[in-house]
Structures are given as structure tokens and as C-alpha cells.
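This report covers a predicted model.

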Amino acid sequence: MPTAKIPPVLRSSTGGEKEVAVDGATVGDALRSLASQHADTERQLFGEGGELNRYVNVYLNDEDVRVLDGLDTAVGASDTLVILPAMAGG
Amino acid sequence: MAGAQLDNRPCGGRYADIVASIGHTPLVELKQFSPKPSVRIWAKLESANPTGSVKDRVARSMIDDAEATGAISPGQTILEPTSGNTGISLAMICRRKGYPLKVVMPENVTAERTQLLAMYGAEIVYSPGEQGSNGAVALALEMAEADSSYYMPYQYGNEANPRAHYDGTAVEILEELDDVAAFVGGLGTGGTLMGTARRLKEADPATRIVAAEPLQGELVQGLRSLDDGFIPPIIDITLLDRKIFVSNRDAVVWTKKLIEEEGIFAGVSSGAVAAISHRVASDLEAGNVVTVFPDGGWKYLSSGVYTKTVEELEADGTLETASFW
């Protein structure tokens, strides 16, 4: 099963868990699996139309899925999804 | 009087003042990092700028633009959120041109950044360290809304930021190299990536654009919700071919490799782009990979990055708490 890494800002919604095993063959399915296990994450992860929240970056291993195929990006059993808030520098 | 012939012409050039000397930085090959002879990696050393970072280009561009449009004139107080480098660059230029400067900066930056800002006479307002640059942006926007007398260049949304690279950094790269297979840039405001990418893509649409993004330590992710995430308005993600995150640990490991293998004393974000440049180069059969090293290591000495081992930095919490970008 793929693993989703939970950022500190979301851990109050996952009962403090830092990693959650998720189901799904795509990024979208895997994130919906996370939301089904921890309902409070759904509003933060997705917009009203089911799209990925603009301020959330999701990485398949270490590559941003928005530059891959977005929520349709294929996920393998040994993959890790890293969820992070978008942070600036400068 | 005839002098000895210069080995490298033109030399650094002759300028009316220090602000005019910004840019024209050296492009240095990283031979030890090259995975194969047919692939060459080049780094533009922005530490050669007057205050030691790439942000001199951006600060000059934003101030020039504001003067040209009549938005500011000497005496006008400038307000800007920054993780350090942009503030330091603005401080030097504002000092030269007669603009009082107030910067909003996370409280957990290295002491050197505070010292440099104070040296140039900037006033510093600290934002919560655990919110990183996002917290500085939010606080500066609040201050600007509450007091309309400030002028905020706002590097995250100011097109003069990427333009500094479109008209500067990228042109300088194209002067030195006939072809660029891939460009790797760090993602902070997005200015370096957007401006350089647009010019390089115009020159050769096949040039691959790769963003190296910092993975902040967990203790620098102290936001209240994911909605406190921040994406600079100048970023157009469609220009990117890849976007890869780099942990503080990997960035530090590669910063040390730069010293050990190439003799380059660079900041931690340079280690991050070096790591991704090597990875991109490894996937190529031939061509030039170009990156920008945003600054030198001077401003990070007090963090212990250059004197402690990675294990010591992990043990004392530096990798989780420090703000390097």
C-alpha cells in the first residue's frame, strides 16, 4: 500500500499520525482514501469541486504531482505521497 | 601604457556606482559533479553580487521600476517581507538612494542576516519563526494595509522580479552557452525560475525547466491550516517541466560536497540546486545543465552547517528549525 506522509499542520486531523497507509492506484484515489480514514482532512485537502486545494503541495516520492498528471498521477504500492503546505522563500 | 593581456575578457567591467555593478556574475563549471563527459554542469555564482546574493538583481529591478513609474521618490519608506537576502539587497540600495527601509523577517534566521540589515540601516520587524516566510508575508501585508504610507515592492507579486532574470541572468547565460539542455532553479519567490525560464525557452523551447523546492524542517511548518500555505502570484507552474523537493539534510550534504569537491563556498540553497542539477544531468545523454547558486555561505556560518557534521546538525535540531531559504 502507498504511504501518505502527514505534515504537522494536518496531524490534528489524523489523531497525531505522521504516516497513514492509503489505498488507490492514483494520487486522487490515495488522497480520498486518506480522507475516508480521517474525515477532517478532506476540507483541507480538496476544494469544493473536488480539486486539490491550491495551497497544498502533494509529491509522489519527491516530485510535485501538479507537474506530473495531477490527481490522475499513477501511484504504486511502494510509493510515498508527501503532503506539504506551500511555503515561500526569498 | 600597454598592460599585460587579460586572460579573461571582458573583465568585471567599470561602473558608475555599486548598484550599477550588480549582475555579470561568473558561470563556473562543476566538473567533479558531471556524471559523464558529454554532460556539463554550470553554476552562476550570485555570491559575486555586491551584497552577496542573487537578490541584488531583484531589488534593483523593483526599485528602478518603482522610480520609473513614479511610485516612489527619495524619503519614501519601503516595506518588504523577506527571509533575508531580498531585505539585505534592498537595504544596500535604499541606503544608496535615500529610502528608509523596514523589513519583515522570520525571527529564526541566522544572526548574520540581522547584522547585515542593521549595518545598512534597515529597521527589522520579526515574524513568528515557525511560520517561515509565509508568516513574514502575512505580517507585512497586514502592516501595509494598516498604514498606506508604506510602499511595498512585494517581490512575490512584482513582475520586476522575474524581469531582472529575463533581462539579466538568462541573457548572461545565453552569452556564454550556445545551448542549454536544462535549467535548474531554486523555488523561493519563483523570480529566478520564471524570468530565466521564459528567456531560455524563447531561445530554445526544448530547454527543460526544473524547480528545486525546499522541504522546510517540520518545526518551520507551524501553520494553522493548509490554507495558510502561500504560492507567490508570479509563479506560473506551467513553465516547469519538473518540480522536485529537497530536504534540508540533502541540501546541507550537497553544500558540503560543493566545498569538498568543487571548492565552492555556497549557501544551503545552492546545495539544494546542486543536488537536483546532478540528478537532472544523470538523466541526460549530452548537453549543458545550468543552475544558479543564489548566495555564498557567509550568512549561514553561525548555523554550524560548515563546521558540524550532518549527524551533529540533526542531533542539535538545526536541520528541523533553521530557515535557509
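## Overall build of chain B

Chain B contains 10 helices and 9 strands. Its radius of gyration is 19 Å, close to the 20 Å that the globule rule gives for 325 residues, so chain B is as compact as a globular protein of that length. Along the principal axes, the C-alpha atoms of chain B fill a box of roughly 55 × 55 × 40 Å.

Of the 325 residues in chain B, 52% are buried. Among contacts in chain B with a separation of 6 or more, 72% are between residues 24 or more positions apart.

## Helix 3 of chain B

Helix 3 of chain B spans residues 111-119, and R113(B), L116(B) and L117(B) are buried in this helix. These residues cover an arc of only 100° around the axis, which puts them on the same side of helix 3 of chain B. The face turned away from that buried side carries the exposed residues A111(B), Q115(B), A118(B) and M119(B).

The cover over the buried residues of helix 3 of chain B includes helix 2 (85-97), strand 4 (101-106) and strand 5 (123-127) of chain B. After helix 3 of chain B comes G121(B), with a positive phi near 85°.

## G87(B) in helix 2

Helix 2 of chain B, one of the elements that cover the buried residues of helix 3, includes G87(B). Is G87(B) buried or exposed? G87(B) has 32 other C-beta atoms within 10 Å, and because a residue counts as buried at 20 or more, G87(B) is buried.

Leaving aside residues up to four places away in sequence, G87(B) touches E80(B), T82(B), V103(B), M105(B), L117(B) and A122(B). One of these, L117(B), is among the buried residues of helix 3 of chain B. As for E159(B), which lies 72 residues from G87(B) along the chain, the C-alpha atoms of the two are separated by 17 Å.

## Contact between chains A and B

The contact takes 31 residues from chain B and 21 residues from chain A. On the side of chain A that touches chain B, strand 3 (56-60) and strand 4 (63-64) of chain A each supply at least two residues. By type, the residues on this side of chain A divide into 12 nonpolar, 5 charged and 4 polar.

Notes: Residues are numbered from 1 along each chain as its sequence is written. Chains are lettered from A and ligands numbered from 1 in the order in which they are written. This is a predicted model: local features need pLDDT of at least 70, side-chain atom pairs count only at pLDDT 80 or more; totals for chains, interfaces and linings use all residues. Helices (H or I, at least four residues) and strands (E, at least two) are DSSP runs, numbered from the N terminus. The radius of gyration is taken over C-alpha atoms; the globule rule is 2.2 Å times the number of residues to the power 0.38. A residue is buried if 20 or more other C-beta atoms lie within 10 Å of its own, exposed if 12 or fewer, and partly exposed in between; C-beta atoms are placed from the backbone. Two residues are in contact if their C-beta atoms, placed from the backbone, lie within 7 Å. The arc is that of the directions from the helix axis to the C-beta atoms. Ala, Val, Leu, Ile, Met, Phe, Trp, Tyr, Cys and Pro count as nonpolar, Asp, Glu, Lys and Arg as charged, and the others, Gly among them, as polar.
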